[in-house]
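Thank you for making time for this at group meeting.

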Amino acid sequence: MRDHLGRQIDYMRISITDRCNLRCRYCMPEGVKCVPMEEILTLEECAEIAAWAASLGVSKIKVTGGEPLVRLGCCDFIRMLKDIKGIEKVTITTNGILLERYLEELIAAGVDGINISLDTLDPKLYRALTGGGDLEAVLRVLEKTVKIRGDRQIPVKINAVSLDLKDMAGQLGCRYDGPGWQELLELAVKYPIDVRFIEVMPIGYGRQYRSVDHDKLLAWLMERYPDMKEDRRIHGNGPAVYYQIPGFQGSIGLISALHGKFCSDCNRVRLTSQGYLKSCLCYEDGVDLRKILRGRGSLKEKEARLLEAMTQAIWGKPTAHCFEDPEHMTEHENMVRIGG
C-alpha cells in the first residue's frame, strides 16, 4: 500500500514487549515502570495484525522490544510470521545477552537476519552504560552466529547508537579515552557483518544525551579511509547509507535521522507492544488496534474495522519528522514503550 505521498509502505516493526534485561541509560534506565501484561498484545494478536498488514502490502517485519528474547514464545512468534502469506523476511533486533540460549531455536524458526545492539567494546563502559550487561557474552554469541554454516547463512548487523562516549563516560564516572568508532569498525574487518551507526533521536531519555553528528563521523571516516566508497547494494529493510572500505569483510552503515533526513523514502510503520500502530516516531498520531481487537462486535466486524484503521493510519503517514525542532514533536513516550 502507498501513503498519501506515494511512498510504498512494506516494512513493519513489531514490538512484542516493553521489558528488557538491560538498563541502557538512553533507553530504559533503572526505575522505568513496565505496563501490566494484560495491556500487552498476545503473540497471536500480533500475528493477526501482521497478517492484515501483509494483505496491505507489508512484506518485511522486524521483531523488537524492549528485548524481544525476554518474551516467552518469541521464537514461536517468528515461526508464526514466517507462515503468513506475503511475509518475505522476518528479522530480529536483540541486545545479544540471551541470543546464545535461543540461537538454534531462532534459526529453526526461520529468522532471516539478526541485528545486535552494541554501542561500545569497552567492557567497563559497556557495563555502566547498560546497567550491568556482559560484553563477553555478546561477543561470544556474535562470533558463534557469524560462523554458522548450513542451508543459509544468517546475516548479522551491529547497531551502535552514535553516543558521545567520552561525554557518556564522564556522566557514568568511567574513564574512556577512545572515540569508540574505531573499535566497532574493527568488527567489520574481523567478520563479514555490517556495522551501522545510528544517530541518537531526541525521544524519551535520548534527549538527555549528546549524539555524534554523522556529518562529522562521515568526514572522519573519509579522512581515515580515503579509498572508502559508497556501497549501493541492498543490505536490509531500512534507510542506512552503506560504505565499503578496502580490507573490510563487512560494510559500514550510517542511519542519520537528524543529519541525513530520509523521510521522503520512509517505508515503515511500527506496532507497539500495547497494540498502537504508529506511522512516525516523532508524533503521537496513530491508531489503537488493541481496542479494536478486544472490542465488541463479530469477528467479521472487527476485521473490517481493523483493516480500515490500518489503511487510514498508513495513508495519513506524516510527510516528515521534526527531530531537528523538538518543540514541535508530539511524541513524549520513552523509546522502550514505542518499540526499538
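Which residues line the largest cavity? Bearing in mind that this is a predicted model, the lining of the largest cavity consists of D119, A160, V161, S162, L163, L165, W181, L184 and F197. By class, that lining comprises seven nonpolar residues, with one polar and one charged residue besides. Two elements, β5 (156–161) and α7 (181–190), each supply at least two residues of the lining. The volume of the largest cavity is about 50 Å³, and the count of cavities of 30 Å³ or more comes to one.

Let me stay with α7, and turn to its packing against another helix. The axes of α7 and α8, the latter spanning residues 214–224, come within 13 Å and cross at roughly 65 degrees, and the crossing is right-handed. On the α7 side the contact is made by W181, Q182 and L185, while α8 brings L217, W220, L221 and R224; by class, this contact has five nonpolar residues, one polar and one charged. Is V35 buried or exposed? With a relative accessible area of 8%, V35 counts as buried, because the cut-off for that class is under 20%. V35 and S273 are 238 residues apart in sequence, yet 9.6 Å apart in space, taken from C-alpha to C-alpha.

Key. Residues numbered from 1 in each chain as written. Predicted model: local features only at pLDDT ≥ 70, side-chain atom pairs only at ≥ 80, totals over all residues. Heavy atoms only, no water. 1 Å grid on protein atoms, 1.4 Å probe; cavity = no way out; pocket = protein on both sides within 12 Å on 5 of 7 lines; lining within 4 Å. Points joined across faces, edges and corners; volume = space filled by probe spheres on them. Helix = DSSP H or I, 4+ residues; strand = E, 2+ residues; numbered from the N terminus. Nonpolar A, V, L, I, M, F, W, Y, C, P; charged D, E, K, R; others polar. Axes fitted to C-alpha atoms, helices over the stretch in contact; angles between N-to-C directions. Left-handed = near helix turned anticlockwise from the far one by under 90°. Contact = heavy atoms within 4.5 Å. Buried < 20%, exposed > 50% of the residue type's maximum accessible area, 1.4 Å probe, protein only.
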